[in-house]
Amino acid sequence: MAFFSRLFSRRRRYDDLAVSIREHLAERADELMADGMSRAEAEQTARREFGNVGLIEERSREAWQWPTLESMLADVRFALRQLAKSPGFTATAATTLALGIAVNATMFSMVSAFLMPRLPGRDPQRIVVVSSVNPDAGFQADLNPASAANYRDWKADTQTFSEMAAADEYRTGSLSGAGEQPEAITVSAISANYFSVFGVAPQLGRAFAPGEDEPGHDHVVILSHSLWERRFGADASVIGRTVGINREDYVVIGVMPADFRLLGFTPQLWTPLALTAADGAPDARNRRYLYLFARLAPNVTLSDARARIQVAAKRAQQDFPLNEKRWGASVRVLDDFLIANFGIRPALAVIMTVVGFVLLIACVNVAGLLFTRSVGRQKELAIRLSLGAGRVRIVRQLLTEGLVIALMGGAVGLILASFGIRVVRAALGFNEVISAVPVSLDRNVLLYAAIISIASAVLSSLAPALKASRSGVHADLKSESRGSSAGRSHSRMRTVLVGGEIALALFLLIGSALLIRGVYLLDHQKLGFNRDHLLTAGLRLDKAHYSDSTQRNQFVRSLLSHLKETPGVEDAAVTSVLPAAGPGSVPIQIKGKPEERTGEHRSADDVVVTPEYFNIIALPILRGRGFTASDQAGTPRVVVVSQEFARKHLAGEDALGKQVLLETQGGPAEWCQIIGITADVKSFSEDQRVDPEIYEDFEQRPVDSFSVMLRSKVEPTSLSSALRSSVARLDADLPLLRVMSMEGVLEAQRNGNPLFERLLATFAMLALILATIGIYGLIAYSVGQRSQEIGIRMALGAKSSDVSRMILREGLKVAGIGSAVGFVMAIPLPKLFDSIFSGLLFGAPEVYAIVVVTMLLVALAATLGPAQRATRVNLSAALRNE
Amino acid sequence: MAKDPNRRDLFSGALELMILHTLRLKPMHGYGLAKHIKHASDDLLQVEEGSLYPALQRLLREGLLDSEPGISAKGRPTRIYRLTDSGLRHLEREVSSFETMFTGITRVLAAARPQEG
């Protein structure tokens, strides 16, 4: 209440004050008149003695004000009035900032979603992820999953971890039941204590009970919220129902809440992780597939946990040199792990830098506009200074104007950003892991937008405000001419600003061009095989129906022969991994070549294929032969290796005829003879790596999970239904996973690359446009300022071509110096990018040349208009003007 | 024009103290206050209007003064400032602390004199 009564009483206080001062002046005047002065003289003297009435009144009023709030409001009101008087200026400045703020807020929505993940559960800062450290991986080496043996060893250390859970996060399977079409799903197999480590409980039903992760008791399942809604219509009676997973019966025991979500992990359901004795065997230490989530024991710090887990890893290295040699272990806090594992940070850092620069350029443009404006307002400001307004007050007033502009820009920017975020979210739909992350205009984005609005207000208006308030009172009041020195020093300031802006824009353009080129080259690299007219689909033969290898062989043989007879199909093959899709590597031995000297494990990417495979992807057999129908389960084991395999593992020898042993899982290892050498295929479509590959014959090792490939004469996806019916003919309940053309598979593997390229290109163009506007504004303004000078020159006989050349030179000088600075700034970029992005080529001197020439041409074009206009100066008007 | 900064308050609180003390004698309006202080100090102290009115407003805000509409000697409307109870208490506290301070300063200056001579 005191607050309100004070607000209302203040008006009365101000009136009192005015009355007091008026009486003060009147009485003094009366006295002076009594001494013999005339009325007019007395009143004037009284005023002079009193001092600056307005200022004293203001100071006195300040006693009643929250020190600044009220005068700030007055400033804001004044700023609004001032800005309303020049709507063109206001709109231009606010729009420029709005663009800068919009792109920043839009991109920050991704930062907020991907780098500030909302963590589930209780006290998530105490949850850590324990990973293996892969000695041979360059990329994300310390985020490697761990083996079941690691899990058993490490969770026993209850001094460090009060509880540790394991998850096999990326299983795939088929979900069937209740007469519905079976569908492919992603499954996470978890230890029974998984949810208790996070401290979350199912929304419906219960979590896994201890012992339900033992073999034989493990046919229970917990649904994710989204699957429960989509497939089960959010029906609460689903608890207790039986569903088929890989055609085995599981009982639904729980449904997780919607907010239980880990960035980058999107299982649709959870089943128990049933570890067997075999998982603990020494040779199982090579199978590293478990993510270990643990809660730190009370009073244990992260660095304690790190130290202890490293000791444990050292011990394992000594105890199991064969499998653990050089492998380490690392501990990260949950959010740290999730963000690092998601691997989006470098790309986002680059993009945020780019949009930050765009905003900076926008600020420079607005600063330029404010400079121009303050030149026009010099007299107003000089008058206010001379009337006793303090410099601080003037600066504050001008900053307030900048703030009002920036806040208008921020508001419009947020509206634009809400559209931008929608566009980005649509563009992020390229895979389900990314699209599962909610990108939205959240609190973080709002806060960020507010901060950058204020920052850009200061950035764009501080320099012009300081400069304007510093101008001499007398000089400005006296100077009548627009060509005066004060005007010159303003335009010098603008020249520096525009030069800096061009330097920034050039730097951005070069950086973006290098990155886009690098990503483009990678996306369009030669993969080593023919990707056209191929249809692919994944199949998984479940153990319930295909436990026997002859059953699997039988299935594949009938499927392929049926497919080959399908109209439109040229050929059909089966492969354990699609080409360039990242095959898994296995340790190998070569007979007669012990791995003594190298000290390294020999390994090769292992692919199991049917004989048609080499032909169907047009992968040439360079020497020897491919597989034939005569290579069968009973015949001697044979393999085909890639050129890179021969080069790396059998340099200087004839690979043909050599004996190789693959340490694959399951089944006794057997020596295989190399019968052929193929050309190389890139291991990943999104990397330049070529790893040694070894191909096994499907008949000799019929794996249970594989892809079918069809070569078609027609558009490949038109054969999808034929493929489905061929599979259904053999097994009606078997779901097909990911039916896609090979082109589609490779396109999907590009992941965010196209988006990354588009974003970079868009922002670089925005920077270029803003810089162009900046240089145009500078030159146009300077032409206007110099119309008198130009008039004189022309009156003295300068030709219009001389004048336009003079103006062009001025523009090119700014652009040239700016470009030179930007060029030098951009020189270290390739090295920097090399350290951030692995596997991309950044060495491209021609990019620098092209960008610089483009920049200069654009600057020239921007200067052309004003230069032309300069020659059309109306002589008499220009000279009479002043 | 701009005023001589050396002629501002000698130390903080002095002007407020003089205002309160003057108003203790009788309620006055602004001009009367200024004149009274000037006369009482035999023209040694000139109260700057630039300080007086802000100081009055501060004292009003603190509740040490009260103001009411009144009529000046010449019959024009003005505002009369009067001391409140809390203003009186404040004045007494301040005066005693000022006196202590003056005593202290005077002693120090007196002690310093012989060495000088």
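Read along the sequence, chain B follows the pattern α-β-α-α-β-β-α. Its secondary structure comes to four helices and three strands. Helices are DSSP runs of H or I with at least four residues, strands are runs of E with at least two, and both are numbered from the N terminus. This is a predicted model, in which local features need pLDDT of at least 70, side-chain atom pairs count only at pLDDT 80 or more, and totals for chains, interfaces and linings use all residues. Residues are numbered from 1 along each chain as its sequence is written, while chains are lettered from A and ligands numbered from 1 in the order in which they are written.

**Chain B**

The three strands of chain B form an open sheet in the order β1-β3-β2, with antiparallel pairing. Two strands pair if DSSP finds at least two bridges between them. The edge strands are β1 (28-29) and β2 (65-71) of chain B, and each pairs on one side only. Two bridges link β1(B) to β3(B) in the antiparallel sense. B:His29 has B:Ile80 of β3(B) as its bridge partner. Helix α1 (residues 14-25) of chain B packs on this sheet and touches β1, β2 and β3 of chain B. The direction of that helix makes about 100° with that of β3(B). Axes are lines fitted to C-alpha atoms, for helices over the stretch in contact, and angles run from 0 to 180 degrees between N-to-C directions.

Chain B has 117 residues, and 26% of them count as buried. A residue is buried if 20 or more other C-beta atoms lie within 10 Å of its own, exposed if 12 or fewer, and partly exposed in between, with C-beta atoms placed from the backbone. Among contacts in chain B with a separation of 6 or more, 49% come from residues 24 or more positions apart. Two residues are in contact if their C-beta atoms, placed from the backbone, lie within 7 Å.

**Where the chains meet**

The contact takes 18 residues from chain B and 18 residues from chain A. On the chain B side, α2 (30-40), α3 (49-62) and β3 (77-83) each supply at least two residues. The largest share, seven residues, comes from α3(B). By class, this side of chain B has four nonpolar, seven polar and seven charged residues. Ala, Val, Leu, Ile, Met, Phe, Trp, Tyr, Cys and Pro count as nonpolar, Asp, Glu, Lys and Arg as charged, and the others, Gly among them, as polar.

**Strands of chain A**

Six of the seven residues of strand β1 (residues 127-133) of chain A are buried, so β1(A) is largely enclosed by the rest of the structure. Strand β21 (residues 705-712) of chain A is also largely enclosed, because seven of its eight residues are buried.

| Strand | Partner | Bridges |
|---|---|---|
| β1(A) | β10(A), residues 288-296 | four bridges |
| β1(A) | β11(A), residues 328-333 | six bridges |
| β21(A) | β12(A), residues 534-540 | seven bridges |
| β21(A) | β13(A), residues 569-575 | six bridges |

A:Ile127 has A:Arg295 in β10(A) as its bridge partner, and A:Val128 stands opposite A:Val333 in β11(A). In β21(A), A:Val708 stands opposite A:Ala537, and A:Arg711 is the bridge partner of A:Asp571.

Strand β14 (residues 585-590) of chain A holds A:Ile588. A:Ile588 is buried, with 24 other C-beta atoms within 10 Å. Not counting residues up to four places away in sequence, A:Ile588 touches A:Arg602, A:Ser603, A:Ala604, A:Val660, A:Leu661, A:Leu662, A:Glu663 and A:Ile694. A:Ile588 and A:Ser20 are 568 residues apart in sequence and 100 Å apart in space, C-alpha to C-alpha.

**Helices of chain A**

In helix α14 (residues 378-386) of chain A, A:Leu381, A:Ala382 and A:Leu385 are buried. Seen down the axis of α14(A), the buried residues fall within an arc of 100°, so they line one face of the helix. The arc is that of the directions from the helix axis to the C-beta atoms.

Helix α25 (residues 753-785) and helix α27 (residues 800-826) of chain A pack at an angle of about 145°, with their axes 10 Å apart. From α25(A), A:Ile775, A:Leu778, A:Ile779, A:Ser782 and A:Val783 make the contact. From α27(A) come A:Ile807, A:Glu810, A:Gly811, A:Val814 and A:Ala815. These residues divide into seven nonpolar, two polar and one charged.
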